Structure formats: structure tokens, C-alpha cells
Amino acid sequence: MAKMLGSDAVLRALEAEGVDVCFGIPGGAILPIYDAFARGTTVRHVLARHEQGAGHMAEGFARASGKVGVAMATSGPGATNLVTAIADAWMDSTPLVCVTGQVRTHLIGTDAFQECDITGVTIPIVKHSWLVQHVEEIPHVMKAAFHIARTGRCGPVLVDVPRDIQEAAIDFEYPDEVDLPGWKPPRRGHPKQIKEAAKAIAAAEKPVLYVGGGTLNGEATAELRELAELWRIPVVTTLMGKGAFPETHELHFGWPGMHGPKWSNFAMNKSDLLIACGSRFDDRVTGKLSAFAPGATVIHLDIDAAEIGKLRDADIPVVGPLKQVIADVSAELRRLDAAGAPSKTEAWLKQIADWRDEFPLRYSKTGEYLKPQAVVEALQGLTAGRDDVIWTTGVGQHQMWAMQYVRCDRPRTFITSGGLGTMGYGLPAAVGAKAARPDATVVCIDGDGCFQMTCQELATAVLENLPIVVVIVNNGYLGMVQQWQNMFFEDRLSQVHLTHQIPEYSQLAEAYGAAGYTVSSEDELEGVLAEALSLGRTAVVDARVDPREQCFPMIPAGAAALDMIEFQEETTEEAFR
Amino acid sequence: MRHTISVHVENKPGALMRVTSLFARRGFNIDSLAVGPTERPDVSRITLRVDCEQHTLEQIEKQMHKLVNVLRVTELEPGESVERELALIKVAAPPEKRAELMALADVFHARVADLGADAMVFEITGSPEDIDSFEELVRPHGVKELVRTGRIGLSRASIRRQASRRQHVLS
């Protein structure tokens, strides 16, 4: 036991949890904790320029490393600025511990300066939260916070510490165990259910592995690959699952949903067995739920029992850690194989490959403008085969093009905001990913709208020596909104025009101490991108692309997946222009 | 269909709010709610009455299981549980009506909790149906005020607790 202040106890807890970096901004109610930083700690603090940025950095760190991300903010506005990142982490199951300062205990409830009931505000978007009431609670609250964030289905937790408690004295001893009688995440999938699942897979002729982010969070990618290869099952990875299975593997067949290619959606919707692995039948994946994969039996493997039957009834649910569950399904299949029931998926694999040949991703390569897809394709071309590249994105058209044209062969190399769809996520997430993987080249494929929501974090990237490459797919529009107005509101464009040239992104980058480039033709594209990638310092590439390029294919919201709108040369040129 | 759900929660700040917030967030309506201590000082029991389909009920139960403060969620099946409510009813009672009202109360084992010049307050404990009936009968006399607690319930001592129907999913 050691005598110290509550503020020191918070940092000793972070150290005990193996946290080597955290992200935040100080302020009045969290001053004692920041003073503890100044007095000495092994935890590196990365100073963000906005608490939302700090939150997304912690998320990017968590996604790239598999560890818990830590964000810190002061009370009131500092804490509320974290809310977007907390909601984002909630939707995408990112393990996050947020530590916020709170006004002194005797001022709580009095509308004191910078007071906000942040535990109340965040109740619907955290796994759990604590308003620390006594300094003695700090060690076990911190222990529980990390434990809850990373066990079961990962997600955000919040620890709100009033200033007087940070200043109070404590005999510090960090507990080895947590005492949480109400927190019992599933430890093993049920053997009987696993047998049933294996039997269904063995009997299926048209199975599809529908792989979501839970497979990455569950560290089950090796087991997934073993299962897919063992039984020759085609794999479709969701936006959140991108990278959970090598995308250059012959069994990988794209990404499902609203902007997924036709062959992926055909595979899902015409399958006779969907094996959902840590995926949650999101509306952006299924389209009209009642018309989704009508002929498929559903095996649903998930750590979260509440996902079973939430949207699509599961015929064979297995609740447990995916690493064990998938491995056990493979073991069971091997037994069935030995008993003379081999895989019969070859015709199905050929069918999906034929669809891929018949309906490839296409876009028009004519016209005066650089095409956004060409920018992403060039980035992919320049980095193909490298195992040290991490991608992050914002949200919108550029994100969908990144999904379609970037190939990720490794887990934790594609970091994006899926569930909440948080514009501005990409740049700070890239900074966080760089902090987690200093060896990696971190590339943020961003939109011009997204970039302007969090571009102040360029200062963080430059000053904290966390160099990233930001490639702005600059179409001068809130592109995805423009696309919906174009397609569903008779092209009445309403409040979506941002312009190509204001701000002048390369100058803005220079102002932040980063390298700035502008490119608007295919001839210069590769050279500029290659230079930015090899620079070793933070760079921003303003790629000025076709302002009215639309992202295809597209399943309109609420439509059946098979009623997708496809790219057609003449339609794009005429009707959609 | 109406269901009674009994939730054991840790007796900690915010536990009730977390449970009720879950109902609000997922769009489930609560008909009645009762919270109180149990045989263990560190555990409270929340009894909720909800009107929803079976599928929705399963979803609610699973979502509640994920709350850190929630220790146990059980549905009190009709016929396999004892359910009670308490009501206080202030009825207009001029002297000439008192005898009639008290005879009525006697049938329902309701007690007179207070008596004034022109009104009396009845206290009745019973199954929600009994209270409905009593309320029905005194209403013509003029109900001035009425308050009912949410219902509380326990599984019957005479029936062994059934294993959860969804054990394979939740275990």
C-alpha cells in the first residue's frame, strides 16, 4: 500500500492496466490528474485539440492495437465533447475507457461552472459508468472499468471523478480481481449448439460466412480462416469486418450491403446457409429485412446473446467467445469429414466467381475530372503487398470507395466508423492508430466534408510526432448527401456544396506544419501519392475529383438487396448529371 | 400480451435509472414499476409490468442481462407466482353511506385507513384483479383520489422454479 492522492491513483491504475498512451485535453475539473501527469508517469499523454478528436484517437488506438483505448477530458463541455466518440465506440463495440473530471462533490447538482451530469447523459451509450463518490473507490472502479470495456462484447465505459476526490488522500492498492456479480460474459459456446452448427454447415451446398467486426474484437481471425479453408466456404466481410479475412484470398468474396458489389450481395441473398460471425444484421447490410436471404438457414455466432434474434431469427444460435466457438465448429466438421460427409461447395464457389466476372465494380473513366475511385485504386496499387499499412476513413462516398477498392489482408488494418457513421472520424482515428503502431504507414482516406470536422488534429499529428497521410477525396460536396438528393430528390441539391477550393487544403496543411499537395489529374496522381506515402511526415493530399461522381452499386434504403441500382455508363452520364 | 418481470439489481446509485433508460431507449413501454429492498441489503428488486410480444420480451430480458448492476431477470408466469398491489382510495362518504361502504370493504378485506366528515380513505391489498373490482364498486360513490403501487410478485413457494426456456442462449 502506498499513500497518495486520488489523482495519482488514477494514473497508477492506468499503469497497472498496461496503458502506454492516452489521449485528452486538460481543464479545470481534471487539473489534479494532469498535475499527476506532470509529477511523473509511464503513460504517454497525447494532447488533442478537441475532446472529440481525443475520443476518436483512443478509438483508432484501440482498433489498431486490440487494447483498450483511453481518453480524458474535463467536466462539462470537455465531457460532452467526448459524447460523439463514446456513441461511436458503443455502436462499433470499441473498447474505451473515458476518464472525465467532475465538479467538486459538494457542488454536484447546483449547476456549478462547467457542471454536466455526464454519467446521466451517456447512460444509453456506455456499457457501464461510475460517478466516483469516495476516493477509496478509485482502484476497484478503474479495475472494473478496464475489465468491462474489454470482456464480453467490447465497448465504452466512463469514469467520472469529482475534483475533490482527485485531491483526497488514499492508501493505494490495486486489486487483482474484480468483484462484479452482475457481469458474467459468456465463457463457452454450448457444445450441443456447436454440433448443430457443424451439421448444418456439412449439409449446406451454398453456405456463406457473413463476417463482422466481432470476429476482429474476438481475435478469431485465424480460426475463421481455418474454418473457411477447411470447408471451402466463401467469406463476405462487412465494413466493420474488413480485414478479418485476407481480401486477396480466393475464398474472399467482397462486402455486403448498400454499396457492396453485386456478387457479394448475390452470395448472401441466394445462400442456403448464412453463418453470421460477430455480425448483427445491420440495416445497411440487409436492406429490407423481410426480403433478406429468404432461403437461408441462419447460424448466428456471437458473444452477445442480445444480438441473437434481434433482427433476424437464428435457427442455430451459439453464444460465446468466437475464438473458441469457431475453432470448435471446425473440430466438429473435421469429425464429420472423417465420417464421410465432405464439403460440397465447389459449384457454389464457381457460381459466385462467375457473378464476380459478370458484374464487376465499374466506373466511368472518361470526362474532364479525376475520378475518386481512381484515387483509391492508385493508393491500393502503391501499397499492394505491404503488411505495414493501416487505413482509416471518414464517412460517406469516399468510405464506400475505400471499402470497394482497398484490399486488406490483415486484421486491424481498416479502421472506420460503421454503426454511428461519424463524419470526421478518420483523421483523429489515424493519429490514434499511429500511436498504436508507430512502425505502420497510416493512411486516412477522407472526404472534404469529413476532413473539415476534425482537421484541427493535424496539429496533434505534427507536434506529437505521429505522422499520418491524409488523402482527401475532394469532390467539393457533402458527397453522399448529394448522391441521395440526386437519386431520391430529383437532383434538388440542398446545402451540400462545399466547393473544391475553400479552404485551400494544401495551404491549410502547411499552416499546420504538414506537407500539402494538390492533385487534379490522373497523370500526376501516382507521383504525388507515392511522395506523400514515403515522406515520413504528416502529409495532406487534396485530390480534386469529379464533383458529381456517384457511388455504385447502391441498394436504396429500405429496398431489397437484390433490387440494387447498378452503374450504367449512359445513366450516369445522362440521368444522374 | 402483458408480462410481469422481476429484476434483481445491485443496490447501487443509478441502477434503477439504467434499467428504466433501457426500456425508454429500445421503445418499450412500462405499465407499472415497483422498487424496493429484498432479503439481502445489497440487492433491490424491481418489478416491471410490460405489455409486449414474446419476441420483444426476450429482447428486453437479454438487454437487461447485459447491464452490470443487474443480477437476475425472471419472468413471473401467471399461475406460478403470487402478485400483489396496494391501493389507497379516498371515497366520498357522507354519514348515511358509511355503513354501506364499510360492508363493501369488508368483502374485499379492505381497511379504513382514515375517516373524515364527508370522506374516507380505504387501504386495500390484493391481486390487481381484486383491486380493480373494489375500485369498480366504490366508483359510483365518488372516488376523490386514488393511488396504486406498481405490482410486486414472487414465484410460488409450492412450485419449483422452472429452468429458463432460453438457457442455451443465455448460458
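**Entry 1: before anything else.** I reminded myself that this is a predicted model.

**Entry 2: H3 and H5 of chain A.** How do H3(A) and H5(A) pack? I looked up helix H3, residues 51-65, and helix H5, residues 83-91, both in chain A. Their axes are 7 Å apart and the packing angle is about 25 degrees. Angles under 35 degrees count as roughly parallel, therefore I put H3(A) and H5(A) down as roughly parallel to each other. Next I wanted the residues that meet. From H3(A) I wrote down A:Gln52, A:Gly55, A:His56 and A:Glu59, and facing them from H5(A) are A:Thr84, A:Ala85, A:Ile86, A:Asp88 and A:Ala89. Sorted by class, this contact has four polar, three nonpolar and two charged residues.

**Entry 3: H11 of chain A.** Which residues are buried in H11(A), residues 221-231? My list reads A:Thr221, A:Glu223, A:Leu224, A:Leu227, A:Ala228 and A:Trp231. Around the axis they cover an arc of only 160 degrees, so they sit on the same side of H11(A). I then checked what these buried residues pack against, and found several elements of chain A, among them helix H9 (191-203), strand E9 (207-211) and helix H14 (322-338).

**Entry 4: H23 of chain A.** The buried residues here are A:Leu525, A:Leu529 and A:Ala532. Looking down the axis of H23(A), I see these buried residues within an arc of 65 degrees, so they line one face of the helix. A:Asp523, A:Gly527 and A:Ser534 are exposed on the other side of H23(A). What covers the buried residues? My notes include helix H16 (372-383) and the strands E17 (469-474), E18 (515-519) and E19 (539-544), which belong to chain A. After H23(A) comes A:Gly536, and its phi is positive too, near 80 degrees.

**Entry 5: chain A against chain B.** How many residues of chain A are in contact with chain B? I got 18 residues of chain A, in contact with 20 residues of chain B. On the chain A side, I noted 11 nonpolar, six polar and one charged residues touching chain B.

Conventions: Residues numbered from 1 in each chain as written. Chains lettered and ligands numbered in written order. Predicted model: local features only at pLDDT ≥ 70, side-chain atom pairs only at ≥ 80, totals over all residues. Axes fitted to C-alpha atoms, helices over the stretch in contact; angles between N-to-C directions. Helix = DSSP H or I, 4+ residues; strand = E, 2+ residues; numbered from the N terminus. Parallel < 35°, antiparallel > 145°, perpendicular 65-115°, else oblique. Contact = placed C-beta atoms within 7 Å. Nonpolar A, V, L, I, M, F, W, Y, C, P; charged D, E, K, R; others polar. Buried ≥ 20, exposed ≤ 12 C-beta atoms within 10 Å, placed from the backbone. Arc of directions from axis to C-beta.
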